[in-house]
Amino acid sequence: MQVFNHVEEKYWGAFHDYVFEIAVLTVLVAPKPFIIHKFRFGFVDFLSKLEYFAGICGVGARLVARRRQNSRIANFQWAYTRAGIQQLMSSPTTSAAAAEAINQFDLGEQYAAIGAEVRAAVDRVLASQQLVLGQEGLALENELAVFCGTTHGIGVASGTDALILALRACNVYAGDEVLIPTLTFVATGSAVSALGARPVFADIDRATLNLDVSDVRRRITPKTKAIIAVHLHGLAADMDPLREIAKERSLPLIEDNAQAIGATYKGRRTGSLGDIACISFYPTKNLGAAGDGGMIVTNSADLDARLRTLRNHGQASRYISTEPGWNSRLDEIQAAILRVKLRHLPAWQKARQMNAVKYSKLLAGVSGVRVPVVPGGYEHVFHQYTIRCERRDALQKFLGERKIGSTIYYPVPLHLQPLYSGLGHKPGDFPNAEHVAGEILSLPMYPELSEDKIERVVATIAEFARQ
Ligand SMILES: Cc1ncc(COP(=O)(O)O)c(C=O)c1O
């Protein structure tokens with residue numbers, strides 16, 4: 001099937017409009033001389049009648065042309081429906097020049113929808129002039145703890161700070177080892193390094209992209225002080241066996257829940273699956289602030305008390321510090337904005353999940369592409385919708401040339417980062433992570449992403465796959 005050609009449509013449309021205008025004018029103007037001369041026969045009378053019939057023919061021709069044009073537009077729309085997508089995939093997609101850009105994420109649409117609520121929340125805080133450690137922060141801590149299924153929430157300045165403080169609250173000090181996956185954002189590792197401790201990397205499972213439990217077991221040493229499980233891209237790590245290992249070795253299990261707020265594992269939300277969990281409110285996260293922010297959630301009253309001290313200069317009471325701490329507090333404006341957004345999070349999460357279902361259905365027929373895996377008993381929240389493709393770099397270029405954004409989360413596993421060159425790792429040490437790092441590509445994903453855009457992304461990938 002030929003995909004509708006916009007250039008052809010434009011010029012035919014202009015021509016038809018021109019003919020139509022002349023024809024209508026003629027029909028409107030012509031009756032006058034036609035009536036005036038209706039009892040006379042002569043050359044002028046003949047010309048009037050000719051002009052009038054030409055006008056009628058012009059209007060008729062225009063109506064027929066319009067019908068044909070409509071049916072072609074209808075064909076175009078049909079081609080982009082699910083029923084027509086297979087046919088569409090065998091045709092070239094709309095030219096890059098004509099296509100609207102599709103960003104990998106887009107915060108503008110979200111703000112357009114809830115801007116008034118956000119501004120009212122900010123005004124409320126400014127009117128109160130209680131700007132740090134106030135009622136908004138306390139309320140958010142409670143609301144988010146309830147959302148995650150925990151009893152305590154502690155607001156901090158970022159997801160990275162949440163990790164640093166959680167590690168310290170679990171008594172990680174210089175020289176200790178902390179087990180983390182090698183495929184994650186650098187913050188998981190740099191939080192360990194910030195305390196002078198050493199990140200010990202473990203490989204990942206190729207299907208879920210999360211920790212390979214058997215590799216974790218192999219890499220534990222007497223120096224290991226904690227395990228961090230990252231719920232990458234919005235899918236929980238396999239927490240039951242990790243909890244078993246942690247329990248056997250009496251190690252705290254920390255969740256890096258920066259990307260998976262709202263996700264579930266065997267019916268329980270991430271954040272409640274380990275001893276302590278760290279959340280990031282970086283603006284592009286599923287629950288994003290208007291700047292930096294983070295939170296730690298836990299069921300432990302002891303950890304809660306220690307963390308409140310650590311985030312506020314180690315002050316156990318006013319101006320009395322019991323240990324070195326930090327200044328890492330979530331400010332009231334961010335907390336108020338996050339409270340607004342938390343109310344929308346379940347709907348946004350559903351929208352992300354629906355978008356993922358659409359992507360996976362449409363991509364099922366595209367060769368050379370693997371869609372994200374969602375094992376039974378897991379609810380993925382699709383912070384990222386990440387496909388795998390052997391020709392990933394070429395695909396990313398192809399998409400970029402057609403104004404479709406995509407990102408690699410993450411192209412270089414931590415054991416190969418220059419930051420960790422001192423740890424003595426080499427290519428091949430973590431084969432699964434290295435393999436998938438060469439294949440993964442995250443496609444446009446945000447709650448407001450339209451079906452049309454998803455279909456265009458898929459049609460473009462299908463066009464690439466045919467080459
Ligand atoms: C897995 C992971 N951990 C930690 C962080 C750090 O969070 P933040 O940027 O809020 O410091 C991020 C943020 O991108 C992340 O994706």
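## Strand S5 and its partners

S5 (residues 253-256) pairs with strand S8 (residues 276-280) in the parallel sense, over three bridges. Two strands pair if DSSP finds at least two bridges between them. Strands are DSSP runs (E, at least two residues) and helices are too (H or I, at least four), numbered from the N terminus. Ile 254 has Ile 276 as its bridge partner in S8.

This is a predicted model: local features need pLDDT of at least 70, side-chain atom pairs count only at pLDDT 80 or more, and totals for chains, interfaces and linings use all residues. Residues are numbered from 1 along each chain as its sequence is written.

S5 also runs parallel to strand S4 (residues 224-230), joined by four bridges. Here Ile 254 stands opposite Ile 228.

## Two covered faces

In a regular strand, side chains alternate between the two faces of the sheet. Are the residues of S5 buried or exposed? Leu 253 and Glu 255 are buried on one side, Ile 254 and Asp 256 on the other. Buried means 20 or more other C-beta atoms within 10 Å of a residue's own, with C-beta atoms placed from the backbone.

## The largest nonpolar core

A nonpolar core is a set of buried Ala, Val, Leu, Ile, Met, Phe, Trp, Tyr and Cys residues joined through C-beta atoms within 7 Å. The largest one has 106 residues. Ala 166, Leu 167, Val 178, Ile 227 and Ile 296 touch the most other members. Helix H12 (residues 332-363) gives the largest share, nine residues. Domain 2 (107-339) and domain 3 (344-465) both contribute, so the core lies between them. Domain bounds come from an automatic or database domain assignment.

How values were computed: A residue is buried if 20 or more other C-beta atoms lie within 10 Å of its own, exposed if 12 or fewer, and partly exposed in between; C-beta atoms are placed from the backbone.
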